Amino acid sequence: MHLEPARHYWLPTPNPESGVFARHAFRGRRWESQPSDTTVCGIDVAMAAPTDLDWITAPTCADCNQTLISEFKDQP
Ligand SMILES: [Zn+2]
């Protein structure tokens, strides 16, 4: 078993203010059908089962991505 950074998963969720979908990272192994959670970049978002279109069209959140990359670099 190889080392890997803290577990996270990605889920397209709408921005609470604009409603625009983005693919954010969340702490945990997978979405457990909770109705809301806090993204790695610190936004409280509502969660719902994403459609295929959401996965295709939602851009990856740059802040989540950058946070995870910096955590990966900090691994021993
Ligand atoms: Zn994010």
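Visitor: Ser33: buried or exposed?
Guide: Ser33 is exposed, as 8 other C-beta atoms lie within 10 Å. The cut-offs use C-beta atoms placed from the backbone: buried means 20 or more others within 10 Å of a residue's own, exposed means 12 or fewer, and partly exposed is in between.

Visitor: What should I know about the model and the numbering?
Guide: This is a predicted model, where local features need pLDDT of at least 70, side-chain atom pairs count only at pLDDT 80 or more, and totals for chains, interfaces and linings use all residues. Residues are numbered from 1 along each chain as its sequence is written.

Visitor: Back to Ser33. What is its phi?
Guide: Positive, about 65 degrees, although Ser33 is not a glycine. Most residues other than glycine have a negative phi.

Visitor: Where does Ser33 lie?
Guide: In the loop between strand 2 and strand 3, the latter being 36–38. Strands are DSSP runs of E with at least two residues, helices are runs of H or I with at least four, and both are numbered from the N terminus.

Visitor: What order do the elements come in?
Guide: β-β-β-β-α-α from the N terminus on, that is, four strands and two helices.

Visitor: How do strand 1 and strand 2 run?
Guide: Antiparallel, with seven bridges joining strand 1 (residues 8–14) to strand 2. Two strands pair if DSSP finds at least two bridges between them. Pro14 stands opposite Phe21 in strand 2. Their hairpin has six residues between the strands, and Gly19 there takes a positive phi near 80 degrees.

Visitor: Which residues of strand 2 are on the covered face?
Guide: Ala22, His24 and Phe26. Phe21, Arg23, Ala25 and Arg27 are on the uncovered one. In a regular strand the side chains alternate between the two faces of the sheet.

Visitor: Which residues make up the largest nonpolar core?
Guide: There are seven: Trp10, Leu11, Ala22, Phe26, Val40, Cys61 and Cys64. A nonpolar core is a set of buried Ala, Val, Leu, Ile, Met, Phe, Trp, Tyr and Cys residues joined through C-beta atoms within 7 Å.

Visitor: What is Cys61 in contact with?
Guide: Leaving aside neighbours within four places in sequence, Cys61 is in contact with Ala22, Arg23, His24, Ala25, Thr39 and Cys41. Contact means C-beta atoms, placed from the backbone, within 7 Å.

Visitor: How much of the chain is buried?
Guide: Buried residues are 14% of the 76 in the protein chain.

Visitor: And what box do the C-alpha atoms fill?
Guide: Roughly 40 × 20 × 20 Å along the principal axes.

Definitions and conventions. Contact = placed C-beta atoms within 7 Å.
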